[in-house]
Amino acid sequence: MLESQLQNLAASARERILSAASPEQLEAVRVEVLGRKGALAEISKGMGKLTPEDRAQIGKLLNTAKNDLEAALEERRNRFANEALQARLDAEWIDVTLPAPGPRPGTLHPLTRIQQELEDLFTSMGVAVLDGPEVESEYNNFDALNIPPDHPARDMQDTFWLGDGLCLRTHTSPVQVRGMAKLGPPLRMIAPGRVFRNEEVDASHEHTFYQLEGMMVDRNVSIAHMLYFMKTLLSHIFGREVTVRLRPGYFPFVEPGFELDIQCLICGGPGCAVCKQSGWVELLPCGLVHPNVLRQGGIDPEQWGGFAFGLGLTRLVMMRYGIDDIRHLQSGDLRFLRQF
Ligand code: PHE
């Protein structure tokens, strides 16, 4: 009677140990069967009432059952431990033979890239690359460019004045003045650089942006030369023909002056924030160098002529990469910069 009860108990306990789904379930079975107040302990408590022969018999069975169950528990525990270890090994597997990823290399800013590309292009055409200071004299930024102090054109560009006849240059055109003094006629130069205007900032205006000035001085320079130059430049940059239009434009340092617009490459024509809904973007103001400018630069306008342009590098970068807000460019935001 007690014997079969014991055997049933052992068999069902073994069954539960083998099918335990977690270490917690296993522990529950152990407490219930083998624990201090467990089923086996209950049985051995009642052994005092047995005859000596029965006691010996049941005692033996009890011991065997206990040992068996403990062995089964141990085995199952090991299985759980191994499974957990294996899962960890699978999850935390590292291939130590892989080369280390190393620090992420930086990339050139899109403006720097375009600037370098254009410098290479122009250098290959025999054009000098000049540099000028960002803090410029009022004379170079205005007077020498045929913009005397009382000239209304001074108001065309909102200037950051620094006092003492100095300002942050509002355009790269003062490098024309420096170029004429440095190179003398005939000359071919470009001058990329940062310029500043005291403007309200929005999707298409920044107080700080980039231009690339160009100036050629030679004998018999015509508008046809100028146009050829600009088209070469634009098709090089965009790698395809872009739709352009030429409008008359007023700048005191050129005569005649033009605005060369390109069809907006962000929206393709219908209008967007970058092209102020017009479908066109002013990209290349240009013209034939005004005789007064040549004269101020010590060049005889009777002997020499020239053309000049002021490419909007920042706008160009926006068109080329489809950037729809100028503020991204100086934001320092890595999510933006890592795209280039
Ligand atoms: N410097 C002019 C500007 O920034 C652009 C320009 C350059 C126009 C050269 C004509 C010739 O607005």
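1. Where does Lys276 lie? Lys276 sits in the loop between E8 and strand E9 (280–289). This is a predicted model. In it, Lys276 has a positive phi of about 50 degrees, although it is not a glycine. Lys276 counts as exposed, at 55% relative accessibility.

2. Gln277 is also worth a look. Gln277 is found in the loop between E8 and E9. Its phi is positive, about 65 degrees, and Gln277 is not a glycine. With a relative accessible area of 53%, Gln277 is exposed, because the cut-off for exposed is over 50%. For reference, most residues other than glycine have a negative phi.

3. Next, the cis peptide bonds. Pro185 and Pro186 are joined by one, with omega about -10 degrees. Pro186 is in the loop between H7 and E5. The bond from Glu255 to Pro256 is also cis, with omega near -5 degrees. Pro256 has its place in strand E8 (residues 254–263). Most peptide bonds are trans.

4. Helix H7 spans residues 174–183. Its buried residues are Pro174, Val175, Gln176, Val177, Gly179 and Met180. The elements that cover them include strands E2 (135–137), E5 (187–196), E6 (208–218) and E10 (305–312). Helices H6 (138–141) and H9 (291–296) are also among the cover. Gly184 follows H7 and has a positive phi, near 70 degrees.

5. Which residues does Gln176 touch, leaving out those up to four places away in sequence? They are Leu145, Met189, Glu213, Met215, Val293 and Ala308. Gln176 lies in H7. Its relative accessible area is 1%, so Gln176 is buried, the limit being under 20%.

6. Now the overall layout. The protein is divided into domain 1 (2–91) and domain 2 (110–337). The C-alpha centres of the two domains lie 90 Å apart. The radius of gyration is 43 Å, whereas a compact globule of 340 residues would have one near 20 Å. Along the principal axes, the C-alpha atoms fill a box of roughly 140 × 40 × 40 Å.

7. The protein has eleven helices and ten strands. Of its 340 residues, 42% count as buried. Take the contacts between residues at least 6 apart in sequence: 67% of them join residues at least 24 apart.

8. Last, surface and charge. The accessible surface comes to about 18700 Å², and 52% of it belongs to carbon and sulfur atoms. There are 35 positive and 44 negative side chains. The centres of these two sets lie 8 Å apart.

Methods. Residues are numbered from 1 along each chain as its sequence is written. This is a predicted model: local features need pLDDT of at least 70, side-chain atom pairs count only at pLDDT 80 or more; totals for chains, interfaces and linings use all residues. Side-chain values use heavy atoms; hydrogens and water are left out. Helices (H or I, at least four residues) and strands (E, at least two) are DSSP runs, numbered from the N terminus. The radius of gyration is taken over C-alpha atoms; the globule rule is 2.2 Å times the number of residues to the power 0.38. Buried means under 20% relative accessible area, exposed over 50%, partly exposed in between (1.4 Å probe, protein chains only). Contact means heavy atoms within 4.5 Å. Accessible areas come from the Shrake-Rupley method with a 1.4 Å probe; for residues, only the protein chains shown count as cover. Lys and Arg count as positive and Asp and Glu as negative; His and the chain ends are not counted. The place of a charge is taken as NZ of Lys, CZ of Arg, CG of Asp or CD of Glu. Domain bounds come from an automatic or database domain assignment.
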